[in-house]
Amino acid sequence: MSMRELVVLGTASQAPTRARNHNGYLLRWDDEVILFDPGEGSQRQMLHTGITATDLTRICVTHFHGDHCLGLPGMIQRLSLDRVPRPVAVHFPAGGAEYFARLRHASSFHETAELAVEPIDADGQRISLGIGTLEARRLRHPVETYGYRLVEPDGCRLLPERLSAYGIAGPAVGTLLREGHLDLDGRRVSRDEVSVVRPGQRFAFVMDTGLCDGVYALAEHADLLVIESTFLASEAALAAEVGHLTAGQAARVATESGVRTLVLTHFSQRYADPRRFHDEAREHFTGDLVIAEDLRTVPVPPRRVPSPG
């Protein structure tokens, strides 16, 4: 049975707190298990989730600030320790290749795991996966930074009443799906005549950035958007100066982009009460809103229900 959900490992910006670990996010999407931005402590946090290094299929790093990557040495060594039997892809900004090399070999260990190192070197770069397309978009931050989104291709949903009207049943349905059409009594019936488009699901991951085109490109029609909201509106000037978002800005992006479920995270340690992020975001976004907490699981919402044309 396929599973699509986000598992939050940590939610702290810059420095961990007593309640919040450094960043770390796991996306389970059918056969893919993607680890985003493993900060310090990610390996230990995973012990609480039931997800192991052996489950990982790829790692995505948005940029090489410490709170987003200092968990990489432990995770890479754990892949070898657990003798993960397949290649694990690793994506990161190409300009940070030197940092990745240092982190990969930060200490002495016997590397047996196979890493498929695939840097991101272009805005809009796409990686084809069996489940869809992983796309990277350039963000606005003091160091080279990319966000990621996973896009499932659109499918189709057959309409029983239209199949019945044409007298299509049994093995003929399979033929129609495979061939895209069916010849009946001298008339060709196309798949489009008896189905509607079933929109593919979309997941977006947006970390350290100021507002820019890349943020909106990633968030567009996302079923689940994970986005940084380091500051509140009272520190908007500081957020702009250091390349971060406020909760209100993140919420407005979600509304303008047609996001269904919004997950706010990456909170500055200056704020002790997470409800303030909820209250500020709720002024601009009316959809499902989650203020991320360490070790919380957030399901990808059910597919959008297509309406017959």
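**Salt bridges and pockets**

Modeller: Arg260 is partly exposed, at 22% relative accessibility. Keep in mind that this is a predicted model.

Colleague: And Asp223, buried or exposed?

Modeller: Asp223 is buried, at 1% relative accessibility. Its side chain meets that of Arg260 in a salt bridge, 2.7 Å from N to O. The pair links distant parts of the chain, 37 residues apart. Asp223 sits in the loop between helix 6 and strand 15, and Arg260 in the loop between helix 8 and strand 16.

Colleague: How many salt bridges are there?

Modeller: The count comes to 16. One of them joins Glu98 and Arg102, with the closest N and O atoms 2.4 Å apart.

Colleague: Where do Glu98 and Arg102 sit?

Modeller: Both are in helix 3, residues 97–104. They are four residues apart, so about one helical turn separates them. Glu98 is exposed at 52%, while Arg102 is partly exposed at 48%.

Colleague: Which residues are linked in a network of salt bridges?

Modeller: Asp123, Arg126, Glu135, Arg137 and Arg149.

Colleague: New topic. What volume does the largest pocket have?

Modeller: About 260 Å³. It is lined by 16 residues, and the closest to its centre are Ser13, Gln14, Thr230, Phe231 and His244. The lining has four nonpolar, nine polar and three charged residues.

Colleague: What about the second largest pocket?

Modeller: That pocket holds about 190 Å³ of space. Of its 14 lining residues, Thr17, Ala19, Arg20, Tyr271 and Ala272 are the closest to the centre. Its lining has seven nonpolar, four polar and three charged residues.

How values were computed. Residues numbered from 1 in each chain as written. Predicted model: local features only at pLDDT ≥ 70, side-chain atom pairs only at ≥ 80, totals over all residues. Heavy atoms only, no water. 1 Å grid on protein atoms, 1.4 Å probe; cavity = no way out; pocket = protein on both sides within 12 Å on 5 of 7 lines; lining within 4 Å. Points joined across faces, edges and corners; volume = space filled by probe spheres on them. Nonpolar A, V, L, I, M, F, W, Y, C, P; charged D, E, K, R; others polar. Salt bridge = Lys/Arg side-chain N within 4 Å of Asp/Glu carboxyl O. Helix = DSSP H or I, 4+ residues; strand = E, 2+ residues; numbered from the N terminus. Buried < 20%, exposed > 50% of the residue type's maximum accessible area, 1.4 Å probe, protein only.
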